[in-house]
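I opened this notebook to record what I looked up in the structure. The entries begin with one residue and then widen to the whole chain.

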Amino acid sequence: MWDAINGILTSGNATAVLLFLGLVILAAIVLVKTNVIAVKTKHLRIGRLENEREIIRRQVETAHSFVMSIEGKIRTDNTNYDGYFTKYILERVYDKVIEWIMFNHISNSPMYIQDKQDTLCNLVYTFEIKDEFKTPEFKERMNNWTAELIARLVQTRELYGKKEE
């Protein structure tokens, strides 16, 4: 085999062969960049990776807008918290949701939703919050918000994941 390669490269056709190989490699790069083909091995994925980034980017944007919109829903007149404490708690919740997105196993299964609801409730209750936020009604509101957020994240994955198929 090496003798054949040596013979081709030392002949007058070496320039043509190298030019042909260069064109084949360039064509392969263009096909991968335009998502026409993809190479997926056990440890490497080339092509169609931009779709996954887009899905994660959209999920992060969805989570941020959803979690930060909760601030207006939990304000009460008799709460003397400053806005920074509320934002801090919401930022911690947002960080936890980003962890879920990074692990990429978000699902609509009842067990998953229950686990994430408990996780967020425990996270919020680790802070010294007023008793008005420790009521069963507020916990139910947090559970509803968590279920709605998970549903939106799953919907985002399904919506942008269809491009890949």
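**Entry 1: Q117**

I looked up Q117 and found it in helix α5. Helices (H or I, at least four residues) and strands (E, at least two) are DSSP runs, numbered from the N terminus. The model is predicted, with local features requiring pLDDT of at least 70 and side-chain atom pairs pLDDT 80 or more, while totals for chains, interfaces and linings use all residues. Residues are numbered from 1 along each chain as its sequence is written, and side-chain values use heavy atoms, with hydrogens and water left out.

Is Q117 buried or exposed? Its relative accessible area is 10%, so I noted Q117 as buried; buried means under 20%, exposed over 50% and partly exposed in between, with a 1.4 Å probe and protein chains only.

I then asked which residues Q117 is in contact with, leaving aside its neighbours within four places in sequence. They are N143, T146 and A147; contact means heavy atoms within 4.5 Å.

**Entry 2: α5 and α6**

Two packed helices are described by the angle between their axes and the distance between the axes. For α5 (residues 110-125) and α6 (residues 136-161), I recorded axes that come within 9 Å and cross at roughly 130°. Axes are lines fitted to C-alpha atoms, for helices over the stretch in contact, and angles run from 0 to 180 degrees between N-to-C directions. The two helices are therefore oblique to each other; angles under 35 degrees count as roughly parallel, over 145 as roughly antiparallel, 65 to 115 as roughly perpendicular and the rest as oblique.

On the α5 side, the contact is made by Y112, I113, K116, Q117, L120, C121, V124 and Y125. From α6 come K139, M142, N143, T146, A147 and I150.

**Entry 3: α4 and α6**

I next looked up helix α4 (residues 83-103), which packs with α6 at an angle of about 35°, the axes being 12 Å apart. V97, W100 and I101 in α4 meet T146, L149, I150 and L153 in α6.

**Entry 4: The whole chain**

How many helices and strands does the protein chain have? I noted six helices and two strands, in the pattern α-α-β-β-α-α-α-α along the sequence. Of the 165 residues in the protein chain, 30% are buried. Among contacts between residues at least 6 apart in sequence, 67% join residues at least 24 apart.
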